[in-house]
Amino acid sequence: MAKEKDNPNYKVVAENRRARYDYAIEDDVECGIMLMGSEVKSLRTGQSNIAESYATVDDGELWLVNSYIAPYKQAMFGHEDRRRRKLLVSKKQLSDMWNATQRKGMTLVPLVMYFNHRGKAKVKIGIAKGKAAPDKRETQAKRDWNRQKARLMKENG
């Protein structure tokens with residue numbers, strides 16, 4: 001199978017870059033997403049945001065809440081930009097997510113929304129635990145050190 005970056009159909013639509021800073025991500029799950037036609041068209045133009053969204057398990061179904069997909073102007077029948085969208089996962093993955101959120105106190109955070117190599121819209125959901133302020137400072141310090149280390153390696157070659 002070709003690497004994701006080499007494949008012409010693979011395209012990242014929206015990324016929640018702050019999620020890895022605010023949460024300690026323990027596991028991630030690739031989910032399908034049920035969309036209307038105008039939503040797919042709008043995603044292909046890259047007009048979406050998942051930074052303020054989250055996923056939840058309600059009545060045995062997984063939902064993406066508060067994700068933004070801009071209205072598509074040429075659509076005859078439009079869509080609501082912040083509606084709840086159903087995510088598609090297996091029953092085992094769904095039960096694992098429910099157990100993590102209800103029993104372990106974890107949070108379901110969308111990490112990235114993309115089109116896979118087959119052109120299907122997917123969302124990667126992270127099963128995460130919130131970080132405290134000292135943990136965030138530690139993450140920032142590690143990131144700064146890695147940047148500085150890379151700079152030194154580049155200079156000294």
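Biologist: Which pattern does the protein follow, read along the sequence?

Modeller: This is a predicted model, where local features need pLDDT of at least 70, side-chain atom pairs count only at pLDDT 80 or more, and totals for chains, interfaces and linings use all residues. Residues are numbered from 1 along each chain as its sequence is written, and side-chain values use heavy atoms, leaving out hydrogens and water. The protein has four helices and nine strands (DSSP runs numbered from the N terminus: H or I, at least four residues, for helices; E, at least two, for strands). Along the sequence their pattern is β-α-β-α-β-β-β-β-β-α-β-β-α.

Biologist: Which residues form the aromatic pair?

Modeller: The structure holds one such pair (Phe, Tyr or six-membered Trp rings with centres within 6.5 Å; planes under 30 degrees apart are stacked, over 60 edge-to-face, the rest tilted). Its rings are 5.4 Å apart centre to centre with 40 degrees between the planes, a tilted pair of Tyr10 and Tyr114.

Biologist: How many residues apart in sequence are the parts that the pair ties together?

Modeller: Tyr10 lies in the segment before β1 (11-15), and Tyr114 is in strand β8 (residues 107-115). The pair therefore ties together parts whose separation in sequence is 104 residues.

Biologist: Is Tyr114 buried or exposed?

Modeller: Buried means under 20% relative accessible area, exposed over 50%, partly exposed in between (1.4 Å probe, protein chains only). Tyr10, at 22%, is partly exposed. Tyr114 has a relative accessible area of 3%, so Tyr114 is buried.

Biologist: Which ring does the charged end of Arg44 sit over?

Modeller: A charge sits over a ring if NZ of Lys or CZ of Arg is within 6 Å of the ring centre and within 35 degrees of the ring normal. Arg84 sits this way over Trp63, 4.7 Å from the ring centre. For Arg44 the distance is 4.0 Å, and the ring is that of Phe115.
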